[in-house]
Amino acid sequence: AGLPSDSEIAANKLVVLRDERNAKLAECDWTQTADSSLSDSEKTAWVTYRTALKDITKTYQSTEDDGFSWPEKP
């Protein structure tokens, strides 16, 4: 087996980014349940955070990309 191609390396980095993002989303799923104790403004802040997580792959393909940072939790 040879070394992975650049496209295989890039695809793997994207998988890692998505996996980390999905773990971060799972950590805050509770914020969106109807019976959470959060106020409406707190829920909105978490929605904004979760949207930024979901959209991160529109801007970045890897956690190693220039300027990459995770959105800040509310």
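Tyr49 counts as buried at 4% relative accessibility, where buried means under 20% relative accessible area, exposed over 50% and partly exposed in between, using a 1.4 Å probe and protein chains only. A quick word on what you're looking at: this is a predicted model, where local features need pLDDT of at least 70, side-chain atom pairs count only at pLDDT 80 or more, and totals for chains, interfaces and linings use all residues. Residues are numbered from 1 along each chain as its sequence is written, and side-chain values use heavy atoms, with hydrogens and water left out.

**Rings**

Back to Tyr49. Trp46 and Tyr49 both sit in helix α2, 3 residues apart, which is about one turn of the helix. Helices here are DSSP runs of H or I with at least four residues, strands are runs of E with at least two, and both are numbered from the N terminus. Trp46 is buried as well, at 12% relative accessibility.

Across the whole structure, a search turns up 4 aromatic pairs. Rings of Phe, Tyr and Trp (its six-membered ring) pair if their centres lie within 6.5 Å; planes under 30 degrees apart are stacked, over 60 edge-to-face, and the rest tilted. A pair of aromatic rings is described by the distance of the centres and the angle of the planes. Here are two of the pairs:

| Pair | Centre to centre | Angle between planes | Class |
|---|---|---|---|
| Trp46 and Tyr49 | 5.5 Å | 90° | edge-to-face |
| Phe68 and Trp70 | 5.0 Å | 85° | edge-to-face |

Ring pairs also tie Trp30, Trp46 and Tyr49 into a cluster. As for the other pair in the table, Phe68 is buried at a relative accessible area of 16%, whereas Trp70 is partly exposed at 24%.

**How the helices pack**

Helix α1 covers residues 6–27 and helix α2 residues 40–59; their axes come within 9 Å and cross at roughly 170°. Those axes are lines fitted to C-alpha atoms, for helices over the stretch in contact, with angles running from 0 to 180 degrees between N-to-C directions. The crossing makes α1 roughly antiparallel to α2, given that angles over 145 degrees count as roughly antiparallel, under 35 as roughly parallel, 65 to 115 as roughly perpendicular and the rest as oblique.

Which residues in α1 meet α2? They are Leu14, Leu17, Arg18, Arg21, Lys24 and Leu25, and on the α2 side Tyr49, Arg50, Leu53, Lys54, Ile56 and Thr57. Contact means heavy atoms within 4.5 Å.

Arg21, in helix α1, is buried with a relative accessible area of 11%. Not counting residues up to four places away in sequence, Arg21 touches Leu53, Lys54, Ile56, Thr57 and Trp70.

Val16 is also found in helix α1, but at 35% relative accessibility Val16 is partly exposed. Its C-alpha is 32 Å from that of Asp35, 19 residues apart along the chain.

Ser36 sits in the loop between α1 and α2 and is buried, with a relative accessible area of 15%. Leaving aside neighbours within four places in sequence, Ser36 is in contact with Trp30, Thr31 and Lys43.
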